[in-house]
Amino acid sequence: MTPSLLLITDTNIWIDLQNGEVLALIFALPFKLITTDFAADELHPTFWATLETLGVEAYRLDPGQIMDIYRLNQSHPPVSTIDLSCMVLARDFAAILLSGDKPFRTLAETQAIEVHGVLWLLDALVDQQIITQSEACLALNRMLARNARLPKGPCNKRLKKWRSDA
């Protein structure tokens, strides 16, 4: 992995990581994590304070970016304004977008934005030996038990691999 790879996150990523009890561990990865002020405002103030303490920055969008969000919202109404704010920021910074929302991910990919989700982060934690495969399995099971909307096939594949390789 490239040191200080820039990642733009939407809110569901933070919630899944918290539910998996691996939130703080993500900051051991060589990533710079930012989000938009739109997304930060959606989170509970105490949770956002925790993220800020860990090193997440909220980027304030400029008027041109806000106009882009408005235009995108007109043509893609199922995608939230908050998600669109993250997509516009990822596009403008040529960054990787992190989201678990399938329609949003599909839209971002049509805009040539690289998109990954929480499973990719778990893979990175295992690959960088920050957590064991057994710990990744536990984290993913915690997320699923707390109703994370993750793709069944890729989850099952990882759970099987992490159980057999542990």
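A crossing is left-handed if the near helix is turned anticlockwise from the far one by less than a right angle, and right-handed if clockwise. The model is predicted: local features need pLDDT of at least 70, side-chain atom pairs count only at pLDDT 80 or more, and totals for chains, interfaces and linings use all residues. Numbering starts from 1 along each chain as its sequence is written, and side-chain values use heavy atoms, leaving out hydrogens and water.

**View 1. Helix 4 packs against helix 5 in a right-handed crossing.** Helices (H or I, at least four residues) and strands (E, at least two) are DSSP runs, numbered from the N terminus. Helix 4 covers residues 63–75. The angle between helix 4 and helix 5 is about 125°, and their axes are 9 Å apart. Axes are lines fitted to C-alpha atoms, for helices over the stretch in contact, and angles run from 0 to 180 degrees between N-to-C directions. Angles under 35 degrees count as roughly parallel, over 145 as roughly antiparallel, 65 to 115 as roughly perpendicular and the rest as oblique. Helix 4 brings Gln65, Asp68, Ile69, Leu72 and Asn73 to the contact (heavy atoms within 4.5 Å). Helix 5 brings Thr81, Leu84, Ser85, Met87, Val88, Leu89, Arg91 and Asp92. By class, this contact of helix 4 with helix 5 has six nonpolar, four polar and three charged residues. Here Ala, Val, Leu, Ile, Met, Phe, Trp, Tyr, Cys and Pro count as nonpolar, Asp, Glu, Lys and Arg as charged, and the others, Gly among them, as polar.

**View 2. Met87 sits in helix 5.** Met87 is buried, at 2% relative accessibility. Buried means under 20% relative accessible area, exposed over 50%, and partly exposed in between (1.4 Å probe, protein chains only). Leaving aside neighbours within four places in sequence, Met87 is in contact with Leu72, Leu97, Phe104, Leu107, Ala108, Gln111 and Ile113. Leu97 is 10 residues from Met87 along the chain, and their C-alpha atoms are separated by 6.8 Å.

**View 3. Helix 7 and helix 8 are roughly antiparallel to each other.** Helix 7 spans residues 118–127 and helix 8 spans residues 133–145. They pack at about 160°, with axes 9 Å apart. The crossing of helix 7 with helix 8 is right-handed. Val118, Leu119, Leu122 and Val126 of helix 7 meet Gln133, Ala136, Ala139, Leu140 and Met143 of helix 8. By class, that contact has eight nonpolar, one polar and no charged residues. Seven of the 10 residues of helix 7 are buried, so helix 7 is largely enclosed by the rest of the structure. Among them are Leu121, Ala124 and Leu125.

**View 4. Ala94 and Gln129 each have a positive phi.** Ala94 lies in the loop between helix 5 (81–93) and strand 4 (96–98). Phi of Ala94 is near 50°. Ala94 is exposed, with a relative accessible area of 72%. Gln129 lies in the loop between helix 7 and helix 8. Phi of Gln129 is about 60°, although Gln129 is not a glycine. Gln129 is exposed, at 71% relative accessibility.

**View 5. The whole structure holds zero disulfides.** A disulfide is a pair of cysteine sulfur atoms within 2.5 Å. The closest cysteine sulfur to that of Cys137 is in Cys155, 11 Å away and too far for a bond. Cys137 is buried, with a relative accessible area of 8%. Cys86 is buried, at 0%.
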